[in-house]
Amino acid sequence: SNSAWILGLSVRALLMFCDEVVELDHCSTDATQAITTDLQGEYVSRFQYIYDDDPVWREMAQRQRLLEHARHRGATHIVTIDDDELVSGNLLPTIRQTVLDMPKGRILQLPWLQLRGGIDQVITTGMWAQQSASCAFVDSPELHWAVQAGGYDHHHRHPMGMAYRPYEAYPANIPGFWRSSGCLHLQMCSRERLLWKHIWYACVEKTRWPEKSTAAIDAMYTRTVNECYAAQTTACPEEWWDPYKHLMRHLDLDAEPWQKAEVYRMLAENPRLADGLTTYGLL
């Protein structure tokens, strides 16, 4: 998808501790492909690229395709990081060995650190202060991703075929700071991007699963926004970002969210699609 605002940063950050990175580009229309070309030239065999031209976003099939490509490349340990995420910089000295030391049948959980209003503040209260992200596992043949019961095709980050057994290698709390390290999530760094992303999510769900209650869909996505902005924040430790300072030119928080154009495209096809949804005055 359209990840030009962060892809150049997140891929390079991953390559600071991973042998190879596989990117799946789903029908991008921004500068994603140009950035991909730069990454291929810079990292040659360490950066792999897949293009998905199916106009429908099929998340489970895309995750499965990435897994199969990693297996084809001989991967034994799989890191699953989304394009708007990085591990906090203070994990770089240990994260690779942590993944290599993981037992089979476990999923590495990192504190999911939600940054808000830029990259210098992290949420410390409410729902978003309690989340963890599934970030790595040791591969095994039975592991896979597939469409979920009832045809639901979103939000299943850890692989299927294994019991959900979290492997928490890093303590969530240390004296003097609420959560010392983890997976930095940048979806909330831009209010505009957050709002358009969740309007888009809701429109996708109404389109693909019309049997779902509009009120339930709206409640699911407005909760994220409401709790994000009701939460308190504190300053991020400098060590979260210090190792990435040389890469920050690849981050553009002010880039227009691609979801905005996609929502308008969907509304052109179905003008009543947003009826019953919270649109924050953007529509």
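**Close-up 1. Helix 1 and helix 2 pack together in this predicted model.** Here we look at helix 1 (residues 7-14) and helix 2 (residues 32-43), whose axes come within 10 Å and cross at roughly 30°. That angle makes helix 1 roughly parallel to helix 2, and their crossing is right-handed. On the helix 1 side you can find L7, G8, V11 and R12, which meet T32, I35, T36, L39, E42 and Y43 of helix 2. Sorted by class, the residues of this contact are 5 nonpolar, 3 polar and 2 charged.

**Close-up 2. Helix 5 packs against helix 7.** Now turn to helix 5 (residues 191-208) and helix 7 (residues 258-269): their axes lie 8 Å apart, at an angle of about 35°. The crossing of this pair is left-handed. Helix 5 brings E192, W196, K197, I199, W200, C203, V204 and T207 to the contact, where they meet W258, Q259, K260, E262, V263, Y264 and M266 from helix 7. This contact has 9 nonpolar, 2 polar and 4 charged residues.

**Close-up 3. C27 has a positive phi.** Most residues other than glycine have a negative phi, so this one is worth a look. You will find C27 in the loop between strand 1 (21-26) and helix 2. Its phi is near 55°. With 26% relative accessibility, C27 counts as partly exposed.

**Close-up 4. Y280 is not a glycine, yet its phi is positive.** This residue sits in the segment after helix 7, and its phi is about 55°. Y280 counts as partly exposed because its relative accessibility is 25%.

Note on methods
Residues are numbered from 1 along each chain as its sequence is written. This is a predicted model: local features need pLDDT of at least 70, side-chain atom pairs count only at pLDDT 80 or more; totals for chains, interfaces and linings use all residues. Side-chain values use heavy atoms; hydrogens and water are left out. Axes are lines fitted to C-alpha atoms, for helices over the stretch in contact, and angles run from 0 to 180 degrees between N-to-C directions. Helices (H or I, at least four residues) and strands (E, at least two) are DSSP runs, numbered from the N terminus. Angles under 35 degrees count as roughly parallel, over 145 as roughly antiparallel, 65 to 115 as roughly perpendicular and the rest as oblique. A crossing is left-handed if the near helix is turned anticlockwise from the far one by less than a right angle, and right-handed if clockwise. Contact means heavy atoms within 4.5 Å. Ala, Val, Leu, Ile, Met, Phe, Trp, Tyr, Cys and Pro count as nonpolar, Asp, Glu, Lys and Arg as charged, and the others, Gly among them, as polar. Buried means under 20% relative accessible area, exposed over 50%, partly exposed in between (1.4 Å probe, protein chains only).
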